[in-house]
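Here is a short briefing for a first look at this structure. Keep the sequence and the 3D view open as you read.

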Amino acid sequence: MTTPDPTVLRQHAEQQYAHELSALAAHDDKPRPPRWNLSPHAVLTYLMGGKLKDGTEITAKYVGERRLMEIAVATLATDRALLLIGVPGTAKSWVSEHLAAAISGNSTLLVQGTAGTSEESIRYGWNYARLLAEGPSEAALVESPIVRAMRTGKIARLEELTRVQSDVQDTLITVLSEKTLPVPELNTEVQAISGFNLIATANNRDKGVNDLSSALKRRFNTVVLPVPDTIEDEVRIVTQRVMQLAGNLQIPSPPPALEEVRRIVTVFRELRAGATEDGKTKLKSPSGSMSTAEAISVVNQGLSLAAHFGNGHLSAHDVAASLVGAVVKDPVQDSVIWREYLETVAKKRDDWKDFYKACRAVS
């Protein structure tokens, strides 16, 4: 593992949590699959959190159902690839990164899927200067992150798989089924060594954009990551991530007030569900996803406002501007929905009077 650089804005998981990974490896006495840095049991502890025999605290990277992470880890120990699917903000990329960091010690073998992702991004390309000068050769071959993972026996990652065009998606079939990638230009092939596997993520909201072929679906074991079950879980996730981000960004403010975080999370959960927490009032849902990730962003921006332009403590006034921006994506439709929420829900809550006034002032 490389030494973390304190000037880097966001460290990779294997850098930021290097001390936890080292401690887990030192105390890990359970069987490890080939080329895994940790046993499946230790990988699960890294994800879900715990306390080691020497007192080392392992922070929880995923707050949710333990069984889902057990299935994800167990899948990667087989010959099937893992597909993490869910609505935006359900920690698919976060879980993918931490799984790769714990298993391979390297979460950077990543392909970002887009509509413009080409076959070369998944298979290989060519250094055309060398290709023209020397002809096809190993030296002219430019390997994709997936090919590098195959050669080194590590975990590769592919983000937003359903955004990739269908014909490009299907270039994965041979890799995942045969664990081989033909290179016909060199009359050779790349054969994956033990330890190689792939984690892909996909967004529920992209269903129908580029659906996976049935042949490709069969190569994956799918784990659906849900939104947090309870408000307590979501508040815990938001608070934990905000404190980490505030530390990375060196925002000079104390931890966010739990009351403000709870109100933000409540707003997000109610608008997302289309009803108040008590189920008594039906609500219209805005066009945005209202995800946990967006709630984290709202709190983080509020902390920055409080630190630089307020009294240093997160208040409703600091939260209001970024909250409105998160809810109102469509300036016409969402504005109506947001004003209805303020008048029918927020205004009637006695302990939300400051919150209501602050949001009305910027709406």
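Ser 287 touches Arg 205, Lys 329, Asp 330 and Asp 334, leaving out residues up to four places away in sequence. The model is predicted.

**Ser 287 in its loop**
- Ser 287 sits in the loop between H13 and helix H14 (292-309).
- Its relative accessibility is 39%, so Ser 287 counts as partly exposed.
- Asp 334 is 47 residues away from Ser 287 in sequence, yet their C-alpha atoms are 6.8 Å apart in space.
- The side chains of Ser 287 and Asp 334 make a polar contact at 2.6 Å.

**Helices H13 and H16**
- The axes of H13 (residues 258-273) and H16 (residues 333-344) come within 12 Å.
- These axes cross at roughly 120°, so H13 and H16 are oblique to each other.
- The crossing of H13 past H16 is right-handed.
- H13 brings Thr 266, Val 267, Glu 270 and Leu 271 to the contact, and H16 brings Ile 337, Trp 338 and Tyr 341.
- Five residues of this contact are nonpolar, one is polar and one is charged.

**Asn 197 in strand E10**
- Asn 197 belongs to strand E10 (residues 197-203).
- Asn 197 has a relative accessible area of 1%, so it is buried.
- A polar atom of the Asn 197 side chain lies 3.4 Å from the backbone oxygen of Leu 76.
- Beyond its neighbours within four places in sequence, Asn 197 has contacts that include Thr 75, Leu 76, Thr 78 and Arg 80.
- Lys 154, Ile 155 and Ala 156 are also among the contacts of Asn 197.

Definitions and conventions. Residues are numbered from 1 along each chain as its sequence is written. This is a predicted model: local features need pLDDT of at least 70, side-chain atom pairs count only at pLDDT 80 or more; totals for chains, interfaces and linings use all residues. Side-chain values use heavy atoms; hydrogens and water are left out. Axes are lines fitted to C-alpha atoms, for helices over the stretch in contact, and angles run from 0 to 180 degrees between N-to-C directions. Helices (H or I, at least four residues) and strands (E, at least two) are DSSP runs, numbered from the N terminus. Angles under 35 degrees count as roughly parallel, over 145 as roughly antiparallel, 65 to 115 as roughly perpendicular and the rest as oblique. A crossing is left-handed if the near helix is turned anticlockwise from the far one by less than a right angle, and right-handed if clockwise. Contact means heavy atoms within 4.5 Å. Ala, Val, Leu, Ile, Met, Phe, Trp, Tyr, Cys and Pro count as nonpolar, Asp, Glu, Lys and Arg as charged, and the others, Gly among them, as polar. Buried means under 20% relative accessible area, exposed over 50%, partly exposed in between (1.4 Å probe, protein chains only). A polar contact is a pair of N or O atoms within 3.5 Å; within protein, one must be able to donate a hydrogen and the other to accept it, and residues adjacent in sequence count only if both atoms are side-chain atoms.
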